[in-house]
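Okay, everyone, let's get started.

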Amino acid sequence: MAIIERPPSTEVATPATPSSSLGALKRPVSTTGWKSWVFTVDHKKLGIMYSATALFFFIVGGLEAVLIRLQLAAPNGKVLNADLYNQMFTMHATTMVFLFVMPMAAGLANYFIPLQIGARDVAFPRINAFGFWAFLFGGIFINLSWFMGGAADGGWFMYAPNSGPVFSPSHGIDFWALGLQITGIASLTGAVNLITTVLNMRAPGMKLMRMPIFTWMQLVVQFLLLFAVPVITVALFLLSFQRNFGATFFDVAAGADPLLWQHLFWIFGHPEVYILILPSFGVISEVLPVFSRKPLFGYPFVVFSGAAIGFVGWGVWAHHMFASGLGPVSVAVFSVATMAIAVPTGVKVVNWTMTLWGGKLEFTAAMKFAIGLIVLFTIGGLSGVTHSVAPSDTQQTDTYYIVAHFHYVLFGGAIFGLFSGFYYWWPKVFGKLLNEKLGTWNFWLMVIGMNMTFGPMHILGLQGQPRRMYVWTEQRAGEGFFNLGFWNTFASIGSLILTVGVLLFLINIVITARNGKIAPLDPWNARSLEWMTSNPPKEHNFDSIPTVSHLDEFFHRKYQEDANGQMVQVKTAEQVLKELEDNADAHIHMPSPSYWPIVIALGLPVIAFGMIYSIPIALVGGVIVLFGTYGWAIEPSTAPDDDFDPPTTTKDVVHVG
Amino acid sequence: MWFTLAEHAVVTTEEHDTEHGDHHTSTGLSNNKLGMWLFLGSECLLFGGLISTYMLYRGRVGEGPRPSQIFDIPFTSVSSFVLLMSSLTMVLAVSAAHKGDDRNTNLWITITALLGATFVGGQVYEFTAFYNEGLGFSTSLFSSSFYVLTGFHGVHVTVGIIMLMSIVGIMKRSKTPGSKAETVEMIGLYWHFVDVVWIIIFTLIYLVPA
């Protein structure tokens, strides 16, 4: 099959004679070149920008991880000193959580939610652009600390007293706290935007219970972000005021209660765990049915177990604090709640397995990563249940057993899910298929590497090797099977294999970009609406908005039941697409590009610099934000009809956004 | 604190969308209004965190003044009353906006902004008085958490005033009367929310004995 060339049946006009806003700046109109990216409000471009930036930070965080493992590869490691080691694990976790998994999931959400619900863009396109720039500038801001006296070094959960100026005199934690505020603003605006999009912008007939699971899981995630981000905002503000303005919120000597930080952090931090994993659950819930040639087993159960995880996720935060002396009642309550949250998660694993059961399995790279997630996440989930038993957790707290657990759920779970999504959706986004052979190598090296790296950490942790230990010595390594030195070296070798695995993915991207196979219209025989468009989709996504009458709408347009109750193909993907094109809307005015999102976002790091170094700089940043805000408020989101060339006078213009 | 300003600004200024946008949404609620409700839901947790911090630390005065020594409850009651009355004038503004009566909308918005400014002025006066009585920002855990909580609320009121003044300006530029009714209504939602939060803060800080 080859991609079918179609003359554009729909006119997508771009504004040509832009009216100015605030007198100074005229609306950007470029449709090509860097300007078409920097000032874009198109959810697909922004989705690509989110994902590309996240991938860059994945490499940064990965290099930090490799340095950590090199330091621990041999006794008396000399790669990093203690101080640098502290910065390295702090920034590794911060980068992976806030600058890779979250924005990567946000990138996929940006790109695919509107396509999956049959919309032409998100509810607030400019807020979407602002969110991306705030994330990018926040991420850069946090990492600038490397060059300005040292990065944050208190661990990613930044407990007091390590977060105080006595133990961390550099500006690293200041950069960290303010940078996370900026990325937090991005998450919050993203949550408002995507929830509104999902609730309000669905195509006719797209009831909530007909939405693809990926959209459902993202909806749950965005609600979690909406309510979790403000809590960490408070905590970070208190920390900044303590470090920069002399307050003593977490200073025990001044009578403060350091548990306040722990509570605020984990009330955010535990929902955050589900913020990281649920998007990947959504991805594989799309991938598994497609490559099993079966509908998802128990769709409502997958939806409601996801929602249940979202609710119960708020009642388990203190299981991170079992060792802090909360008292028997709290410990018992949080222990039981934590065991309870394993149930909806288990429901999902059962549903995925039953989806595979009896299916015509097709082991593409996307499918391999999805199955990898089921297996590896289950291992991590089981070790998670052992933490819920408080007496056992007291033994495991702050050991490598914890490190093993969260890498199985986050690497084996979240990251494998994202990789599954890369292989599945790559042809949709770029019109080319990633190399499957390299994908297989990519998968197996990552599986082997990840199990070699994180598997032995269970042993290390149960033997008592503390987390964040920067060096080990031969004398204290022990003997035989429990020789900690052997397993540390083993894990470090594993991390190198893992690195090669990830590297193969990057090579795959390059090879695919150079001479990858052009993807057919429907390469996987897929089921959901995002495949009912061209590869890559047109700027306006759908020539005409489809009316939805089924869960798995695209599948039901291609296949219908025959007299014997068998599903038989009645139409090809090309024919389905042709029907949409034949009813194309004549004039579609998409939301227009704008300078203001990047202008406002640019003000934020300036304010943050000012908070650290000198207040007048912060005022400059404030002025930039205010200026951008007024420009934004005065400029219409979609250019007026008479800005278009030729001016559109007909009544049948469809306005989007 | 300027961050929150940016957030408000960003969330509340998409109003132009509906000028051209498709009014048929899946829920029937406009995107802007739904977005504002979501944002306010998020704000509940922001103030929840700040209020929790204050409640934890309000008795920890160290060497500094205790709450009962410095609070001037009659004064704060009056400024609280002024703020609550501004919710009434905000309702009148929204009502006038829906009738397409731009003149009265402007009038009531201006009065709302003035009442809000009176409240903020009262807060500045109060902070100055407390400072002169020895309650600095870093004097004690009580003082820090008090200033952070009431300060965040004050910033919210100030942002509200800026939005009110701005919408008056934007309405003067607009050619069709009543076209900004939804924006006025959204600012109204925000304004009422900030007032309700103050009722909680005022009760917990000033009325419930530590």
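So, chain B: of its 210 residues, 45% are buried, and buried here means that 20 or more other C-beta atoms, placed from the backbone, lie within 10 Å of a residue's own. Keep in mind that this is a predicted model, where local features need pLDDT of at least 70, side-chain atom pairs count only at pLDDT 80 or more, and totals for chains, interfaces and linings use all residues. Residues are numbered from 1 along each chain as its sequence is written, while chains are lettered from A and ligands numbered from 1 in the order in which they are written.

What is chain B built from? Eight helices and zero strands, counting DSSP runs of H or I with at least four residues as helices and E runs of at least two as strands, numbered from the N terminus. Take the chain B contacts with a separation of 6 or more: 81% of them join residues 24 or more positions apart. Contact means C-beta atoms, placed from the backbone, within 7 Å.

Now, where chain B meets chain A, 42 residues come from chain B and 50 from chain A. On the chain B side, α3(B) gives the most, with 14 residues.

Last stop, α13 of chain A, residues 436-462. Its 27 residues should span 39 Å at 1.5 Å a residue, and the end C-alpha atoms are 39 Å apart, so that agrees; the expected span is 1.5 Å times one less than the number of residues. After α13(A) comes G464(A), with a positive phi near 100°.

How values were computed
Contact = placed C-beta atoms within 7 Å. Buried ≥ 20, exposed ≤ 12 C-beta atoms within 10 Å, placed from the backbone.
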